[in-house]
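Have a look at the chain first, and then we can go through a few points together.

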Amino acid sequence: MGGTGAPEWLIREDASQPVLLALYLRQVLGIRSPDELPHLRGIPPRVNDRAAEAQSLLERQWREYWAMTVEPTAHPSPVPLELVDGFATLVALPSQGSDALKAAIMPYGGEALAFSQSAHERYRKDSAAKPGVSYRAYASAIAEHERQVGRRAHSFELNVQVLPLTQRGVWWIGSLTIAVTDGLRGDVAAFDSAIHPIIAELA
């Protein structure tokens, strides 16, 4: 987005099914990481009854899966990935070193898929009902940043995941990726204020 020869900015917004599904699994498995990211609405978190060592292993394997899901090109797997039965094409885990996670998620395929499809579809319908709103929100924040700093914005990329989280806010979940609550994303004035610091950091 931007004219020829001018700095380019690229913002991709989505409620990606793999990300939604990973967060659903995080919750039903009782995974704490990432600590600062709130839970999904309407999904009761698991009461954790695993031994500390088993929990630690599961958390580590989930963090690796989360990083590959959020920013796959920045976190390639050192070994081939294999699809997990029951999750369609939405969950691929390393063929080695993810046995604990694979075993733990197996019972949740149907419900996790249903949740991720439903939440993604809700986002898609909301976006389709307000064409152009997404672009304008970011363009206006970038224009305001340019006015404040007195120069053109630097070229940058940003991925935005709009998620049904229990708290309103914006969180970094990757080096080029933020999570924003759907309620905050739908509030034009509040989202404008919340996205400004992110744009300032990148542009």
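Here are my notes, starting with how to read the model.

1. This is a predicted model, where local features need pLDDT of at least 70, side-chain atom pairs count only at pLDDT 80 or more, and totals for chains, interfaces and linings use all residues. Residues are numbered from 1 along each chain as its sequence is written, and side-chain values use heavy atoms, leaving out hydrogens and water.

2. Start with strand β1, residues 9-14, where the side chains alternate. Buried means under 20% relative accessible area, exposed over 50%, and partly exposed in between (1.4 Å probe, protein chains only). Strands (E, at least two residues) and helices (H or I, at least four) are DSSP runs, numbered from the N terminus.

3. What is the partner of β1? β1 pairs with strand β4 (residues 156-163) in the parallel sense, over 6 bridges; pairing requires that DSSP finds at least two bridges between two strands. D14 stands opposite Q161 in β4.

4. Now turn to helix α4, residues 109-129. Its buried residues are G109, A112, L113, F115, S116, A119, H120 and Y123. They sit on the same side of α4, because they cover an arc of only 165° around the axis (the arc of the directions from the helix axis to the C-beta atoms). On the other side of α4, G110, K125, A128 and A129 are exposed.

Notes. The expected span of a helix is 1.5 Å times one less than its number of residues.
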